[in-house]
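Hi everyone, thanks for coming. Let me walk you through a few side-chain contacts and one bit of sheet.

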Amino acid sequence: MTSAQTSPALRFLKGHGTENDFVIVPDAENAVDLPPAVVARLCDRRAGIGGDGVLHVVRSAAHPEARHMAGEAEWFMDYRNADGSVAEMCGNGVRVFARYLEHAGHVTAGEVAVATRGGVKRVHLDKDGSVTVSMGRAALPDAGVTVTVGGRSWPARNVNMGNPHAVAFVEDLSHAGNLYDEPPYEPASVYPDGVNIEFVVDRGPRHVAMRVHERGAAETRSCGTGACAVAVAAARRDGADPAVTGAPVTYTVDVLGGTLVITEHPDGAIEMTGPAVIVAEGTVDPAWLAGPGDAPVND
């Protein structure tokens, strides 16, 4: 790989899905080195571009973690959290990733396959601007946790969407606190690699609202896999498990940055629909990424 420090410039785009925002780094041949410190600088909201994570856009055949998926999906979403850690999947991220592929002329509206560490995701780019992602099936491990904030505690449902989630139903979203730091949970051994924690309230029939502390990013304006986990947990709570009823169930999930629509089918397949927008593009002086200092950014 060529390091960010010696590259002539680092090209980037900025996009968001329900205000879950990302720095997009196009790198078809996997030639750009993105160590955690570089990712963290790019995502810094005061001294960098700012984002909840980085979408590293690589051809599947060029990435060692994705070569086995190259026959199904040409492009690999090498996703990084804002702190530089690697993540399995990001639901809002994969919508923005697909929107970037369309923006760059790599794909057209319609069906697109995207490789992720959580498997190949099928994406539909609608002409009305919305994006629908086939998110796969949820796993529901038996072990759950108790989440505690400000003296209040709630049982949290363990839902895995290719990444781990703990879903707690609460009386008021303010009870989640500021979510700057990860809320404590017990037993910690249930999530040895950390967890995304969702706090959920009811808004109406099949309609909920949530706040989320994302692993490696603190509170974010939205979390796509989290919205799916919330819908799955709500369906079980409400006695609407599609595998039991034989009918699909759809939940509207309000996040701080907008609304996502989640449908679970009787075979367990989950679809998520929401917006995805590219808002800017430019280049960053790679010398800035090497250490402290101001970065010349060209929009």
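A charge sits over a ring, by the rule used here, if NZ of Lys or CZ of Arg is within 6 Å of the ring centre and within 35 degrees of the ring normal. Arg 41 does this with Trp 288: its charged end is 4.4 Å from the ring centre. Arg 237 has its charged end over the ring of Phe 169, also 4.4 Å from the centre.

Some housekeeping. This is a predicted model, where local features need pLDDT of at least 70 and side-chain atom pairs count only at pLDDT 80 or more, while totals for chains, interfaces and linings use all residues. Residues are numbered from 1 along each chain as its sequence is written, and side-chain values use heavy atoms, leaving out hydrogens and water.

Now, strands: these are DSSP runs of E, at least two residues, numbered from the N terminus. Two of them pair if DSSP finds at least two bridges between them. Which way does strand 15 pair with its partners, parallel or antiparallel? With strand 13 (residues 207–214), strand 15 pairs in the parallel sense over three bridges, and His 207 has Thr 252 as its bridge partner. With strand 16 (residues 258–264), the sense is antiparallel, over seven bridges. A hairpin of two residues joins strands 15 and 16, and Val 255 stands opposite Gly 258.

Strand 15 (residues 249–255) is also mostly covered, with five of its seven residues buried; buried means under 20% relative accessible area with a 1.4 Å probe, protein chains only. Elsewhere, Tyr 185 and Tyr 191 are both buried too.

Definitions and conventions: Buried means under 20% relative accessible area, exposed over 50%, partly exposed in between (1.4 Å probe, protein chains only). Helices (H or I, at least four residues) and strands (E, at least two) are DSSP runs, numbered from the N terminus.
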